[in-house]
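This briefing concerns the side-chain arrangements of one protein structure. Please examine the sequence and the model before reading the points below.

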Amino acid sequence: MSSLVRGTMRGLALAPLAALGALGASAQDASQVSAYVDNSYLFLIGGLIVMFMAAGFCMLEAGLVRKKNAAMQSMKNVALFSVAGLMFWLVGYNMAYPGSTFLSGWFGIPAFIWSPSDSLDTGYASASDWFFQMVFVATAASIVSGTVAERVKLWPFLIFTAVLTAFIYPIVASWEWGGGALDTHFGFSDFAGSTLVHSTGGWAALVGAIIIGPRAGKFVGGQVHPMPGSNIPLAALGTFILWFGWFGFNGASQLAAGTFDDINAVAQIFANTNMAACGGVLAAMILTAVLYKGKVDATMAFNGAIGGLVSITAEPLAPSMGLSVLIGAIGGILVVVTVPLLDKLKIDDVVGAIPAHLVCGIWGTMIVPLSNGDASFFGQLVGVIATGVFVSIASAIIWMILKVTMGVRPSDEEELAGMDKTEVGLEAYPEFG
């Protein structure tokens with residue numbers, strides 16, 4: 001038995017006993033403390049798994065950009081995770097979970113700089129919840145990173161990330177998870193964030209792609225010029241890491257593991273999440289084989305997995321495993337259909353994040369009432385529209401301010417040379433230069 005496992009088991013055994021001494025050693029206290037420990041461990045372990053998704057996004061994006069931009073893309077992902085953590089501590093968490101709201105719950109009044117406040121009555125350690133929520137906000141920023149890759153400068157992107165993680169995402173999250181307007185007035189339901197996380201990142205990415213414009217040479221003379229990624233095995237690794245991370249993303253969103261029903265729910269969420277990804281992969285593979293004369297596009301298969309995972313995220317508990325496969329499969333189909341549509345619209349999405357996160361996020365949100373009788377199609381539609389309108393307007397304002405002040409794009413010469421040389425000062429693969 002490893003020292004980590006022994007330490008975990010020892011903590012589970014001793015923490016309730018220590019607390020019992022202070023509380024008077026009643027049976028009710030023992031149950032409450034045990035649930036407190038179990039719930040906190042769910043947040044912490046789930047948060048660790050979701051944090052690993054940052055590595056998944058990094059590997060996926062580094063593999064799908066050209067080699068002259070791989071170092072830049074890798075650094076952006078490390079940097080954005082750091083910015084997200086800082087901004088969520090300073091502003092974001094208390095914006096997402098405000099003590100009070102105004103305008104009928106559409107905006108919160110946060111206190112600046114989050115600090116822990118532990119009580120047995122909350123059911124979990126407050127820092128465990130902060131950490132779990134923080135890694136979610138980094139996911140939204142990673143979605144933007146992949147879409148606008150290869151033609152955005154580092155510092156303007158990080159400034160946008162700071163605004164996204166401090167204000168834009170937390171405000172949207174507050175509408176549902178913070179007890180805001182969507183939760184209280186419309187009965188909107190988004191279990192783990194198909195809309196609140198993935199569509200938020202997707203709308204911000206879409207607006208950024210439109211304002212920044214496509215990569216040089218992508219659309220010329222009415223033709224779409226493919227720009228293949230530099231490392232498909234690396235992209236496959238990133239896909240598997242994201243798949244793994246989704247078990248923490250969805251599973252720990254049960255928010256409790258201290259009862260018989262809760263731990264069974266976590267287990268069912270794991271199973272449904274996995275089956276949706278399987279459905280997304282296979283549906284994307286079959287459809288690409290049909291559309292492209294028997295050729296199966298590996299990148300479509302990767303994004304099919306992600307599309308399936310995003311699709312099940314809004315409600316990963318209520319569906320049967322069979323329905324989960326179907327929900328994920330439709331997500332994979334939507335990915336394959338949306339990618340060429342974006343090309344026709346001359347919207348350059350380097351890694352396919354808009355189809356996988358935005359389109360599948362909308363699909364996953366709208367299908368929730370099929371398995372969850374407490375949700376309504378009207379409430380879900382209001383949530384989708386409100387998120388799209390607010391995030392698009394807010395993102396457009398920030399992108400435009402950055403564009404007219406410091407500029408967001410490198411020069412044509414810098415873009416041609418690659419962001420590794422012009423922004424990072426080193427190359428990811430110097431021996432192949």
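A residue counts as buried when its relative accessible area is under 20%, as exposed when the value is over 50%, and as partly exposed in between, with a 1.4 Å probe and protein chains only. By this rule Phe 249, at 0% relative accessibility, is buried. The model is a predicted one, in which local features need pLDDT of at least 70 and side-chain atom pairs count only at pLDDT 80 or more, while totals for chains, interfaces and linings use all residues. Residues are numbered from 1 along each chain as its sequence is written, and side-chain values use heavy atoms, with hydrogens and water left out.

**Aromatic pairs**

- Rings of Phe, Tyr and Trp (its six-membered ring) pair if their centres lie within 6.5 Å; planes under 30 degrees apart are stacked, those over 60 are edge-to-face, and the rest are tilted.
- The search of the whole structure finds 20 aromatic pairs.
- One of these is the tilted pair of Trp 106 and Phe 186, with 6.4 Å centre to centre and 50° between the planes.
- Trp 106 lies in the loop between strand 1 (100-102) and strand 2 (107-109), and Phe 186 in the loop between helix 6 (181-185) and helix 7 (194-212), so this pair ties together parts that are 80 residues apart in sequence.
- Helices (H or I, at least four residues) and strands (E, at least two) are DSSP runs, numbered from the N terminus.
- Trp 106 is partly exposed at 24% relative accessibility, and Phe 186 is partly exposed at 28%.
- Trp 246 and Phe 249 also form a tilted pair, with 5.8 Å centre to centre and 40° between the planes.
- These two residues are 3 residues apart in helix 8 (residues 232-251), which separates Trp 246 and Phe 249 by about one helical turn.
- Trp 246 is buried, at 0% relative accessibility.
- Ring pairs join Trp 246 and Phe 249 into a cluster with Phe 43, Tyr 124, Phe 132, Phe 136 and Trp 177.

**Nonpolar cores**

- A nonpolar core is a set of buried Ala, Val, Leu, Ile, Met, Phe, Trp, Tyr and Cys residues joined through side-chain atoms within 4.5 Å.
- The largest nonpolar core has 101 residues, of which Val 144 and Trp 399 touch the most other members.
- A second, separate core of 6 residues includes Ile 312, Leu 323, Ile 327 and Ile 367.

**Helix 4**

- Helix 4 (residues 126-147) has 22 residues, and 20 of them are buried.

**Salt bridges**

- A salt bridge is a side-chain nitrogen of Lys or Arg within 4 Å of a carboxyl oxygen of Asp or Glu.
- The count comes to 4 salt bridges.
- Glu 150 and Arg 66 meet in one of them, at 3.2 Å from N to O.
- Glu 150 lies in the loop between helix 4 and helix 5 (154-176) and Arg 66 in the loop between helix 2 (27-64) and helix 3 (70-96), so their pairing ties together parts that are 84 residues apart in sequence.
- Glu 150 also forms a salt bridge with Arg 215, the closest N and O atoms being 2.4 Å apart.
- Arg 215 in turn meets Asp 348, at 2.7 Å from N to O.
- Arg 215 is buried, with a relative accessible area of 4%, and Asp 348 is buried, with 1%.

Note on methods
The expected span of a helix is 1.5 Å times one less than its number of residues.
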